[in-house]
Amino acid sequence: MNGTGGTGGTGAAGGAGLGRRGFLRTGTAVGAGLAAVPVLGSGPASAASAPALVVAGRPELTHGVQSGDATCNSAVVWGRADRPGRLVVEYGTRPDLRNAHRVRGPWVTPATDLTGRVRLRGLPSGRRIHYRVSVEGERGAAGAAVTGSLVTAPDEHRRADVKFVWSGDVAGQGWGINPDLGGMTIFERMRQLRPDFFLCSGDLVYSDGPLAASVALPDGRTWRNLVTPEKSKVAETLSEYRGQFAYNLLDTNYRAFAAEVAQINQWDDHEVVNNWYPGEILEDARYTEKRVDVLAARARQAMQEWLPLGDDRLYRKLSYGRHLDVFVLDMRTYKDRNDDNRYADPKRGLLGERQRRWLIEGLAQSRATWKIIAADLPLGLIVPDGPAAQEGIAQGDNGAPLGRELEFAEVLRTAKRRGVRGIVFLTADVHYTAAHHYDPSRAAFQDFDPFWEFVSGPANAGAFGPNTLDGTFGPRAEFVHAPPRANTSPLEGFQHFGEVDIDGHSGALTVRLRDGQSAVLWSRTLDPVR
């Protein structure tokens, strides 16, 4: 969003003036035939020009490989077959996989869209793990293997260097995979930095943003999209939601990145529909299924099938050595309705009581130098949902906490009182990049310690912003890079990702806000708070 107005099998082993919401409803969809993964930049902007998916001979993988939720001794590896079969993963620390361990994973079937996940266990900490995935057929014959690699987290007591990248908002507002540009090249720029992992801060896909085969740009150029049937309309069925996640893996840059960098994924709204909340009934004429709860269940199943998620519960903590704990929030599953967000009911909010207590206790118990809170909605930016309702945490009154601000006031107040240091928020969502410093001396609510929030994105989507800051927690924009008008295409720049680099010896954390070409726009090093 923007401030302008059953799971897969798992195996275990050892327009100017228009807001982004308006743009979601203005596109004209043009369908094309879906085929196997194409080579981008060598033909028409349609999957119809790609080789047909042939189910003959030995079983094959169709969409490359992915890994995710890596810990100091485990990681999830993902693959999808072209027919029912058994995933097989071989892995080790040598690139040639000599003397590799071998795991026979789950049998993949149409029930999980032929996708499957394998949890590799007993891995050495802080090492690059090389793996290859293949599919065995009913008689044991396997097709060609696809290779990948990932980096395991350092042991929690080790003062190790850690580097990761984050972004969000992937292929949205009508800007999909453009073969003229070589696809979604921002993912190649991130891959070249050799990060330990990638944090995707929501809007992993745009299920509510159909793609047209071509889009006329204000300067007279034409943007061309690779279009599949599932991307030619808003997603409603399980098959259509699956197609949203499959689409990103048609891009060679994304696929190479996913094969080399372990992911941490969280969802926001566009995985389902713009600004959704549980219990909502849609008024959008594009949808025949109006019950958001039904749509969300289908989207969540597709997400869990098509991503290397380590657990069905979406909020979780991952640790990376002595210096870093990442608290990944789920700000959708337990979200209250979008109203004026000025209520005083402490039982309402975005997180829900159980997740809120989990976050508070997790922060208090963490001994890591830095506690990254991965939030798919920004804390202090006003993100409206139409003229009267609010989609985000802030509502713009600049006063004492109200509405969803109440639960974050509780988190920050309790963290201060329990001596928690080193909190940093990372987010995306608003389709520009920014650095916000929060200080109680500027705030209406003052019972907290100063902290930073860093915003990045989009990653091959329309650029928007900037949004207005709410003064409740005293934020100040130290840096903003936003486009001159709403929904600028990736051709005009204003695509972003962020990089975090933690020095293992000193514990200093450096944040670099980069553009889509990887140029550093702004940087700041934060010293540990003792």
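This is a predicted model: local features need pLDDT of at least 70, side-chain atom pairs count only at pLDDT 80 or more; totals for chains, interfaces and linings use all residues.
**Exercise 1. Treat R485 in the same way: where does R485 lie, and which residues does R485 touch?**

Step 1. The loop between β22 (475-481) and β23 (496-502) holds R485.

Step 2. The relative accessible area of R485 is 29%. Partly exposed covers the range between the buried limit of 20% and the exposed limit of 50%, so R485 is partly exposed.

Step 3. With residues up to four places away in sequence left out, R485 touches P218, A463 and E492. The side chains of R485 and E492 also form a polar contact of 2.3 Å.

Step 4. Compare sequence and space for R485 and P466. The two residues are 19 residues apart in sequence, and their C-alpha atoms are 9.8 Å apart.

**Exercise 2. Describe the largest cavity: what is its volume, and which residues line it?**

Step 1. The volume of the largest cavity is about 120 Å³.

Step 2. Its lining is made of 17 residues. Those nearest the centre are N248, Y254, Q263, N265 and L307.

Step 3. Assign the lining to elements. Two or more residues come from each of β10 (197-201), α3 (238-248), α4 (252-260) and β13 (262-266). The element that gives the most is α4, with three residues.

Step 4. Sort the lining residues of the largest cavity by type. There are 13 nonpolar and four polar residues, and no charged ones.

**Exercise 3. Summarise the chain: how many helices and strands does the chain have, and what percentage of its residues count as buried?**

Step 1. The chain has seven helices and 25 strands.

Step 2. The chain has 530 residues, and 64% of them count as buried. T369 from Exercise 1 counts as buried, whereas R485 from Exercise 2 is partly exposed.

Step 3. The accessible surface of the chain is about 18700 Å². Carbon and sulfur atoms account for 49% of that surface.

Notes: Residues are numbered from 1 along each chain as its sequence is written. Side-chain values use heavy atoms; hydrogens and water are left out. Buried means under 20% relative accessible area, exposed over 50%, partly exposed in between (1.4 Å probe, protein chains only). On a 1 Å grid over the protein atoms alone, a cavity is a set of points where a 1.4 Å probe fits but cannot get out, and a pocket is an open set with protein on both sides within 12 Å along at least five of seven lines; lining residues have an atom within 4 Å of a point. Grid points are joined across faces, edges and corners, and a volume is the space filled by probe spheres set on the points. Helices (H or I, at least four residues) and strands (E, at least two) are DSSP runs, numbered from the N terminus. Ala, Val, Leu, Ile, Met, Phe, Trp, Tyr, Cys and Pro count as nonpolar, Asp, Glu, Lys and Arg as charged, and the others, Gly among them, as polar. Accessible areas come from the Shrake-Rupley method with a 1.4 Å probe; for residues, only the protein chains shown count as cover. Contact means heavy atoms within 4.5 Å. A polar contact is a pair of N or O atoms within 3.5 Å; within protein, one must be able to donate a hydrogen and the other to accept it, and residues adjacent in sequence count only if both atoms are side-chain atoms.
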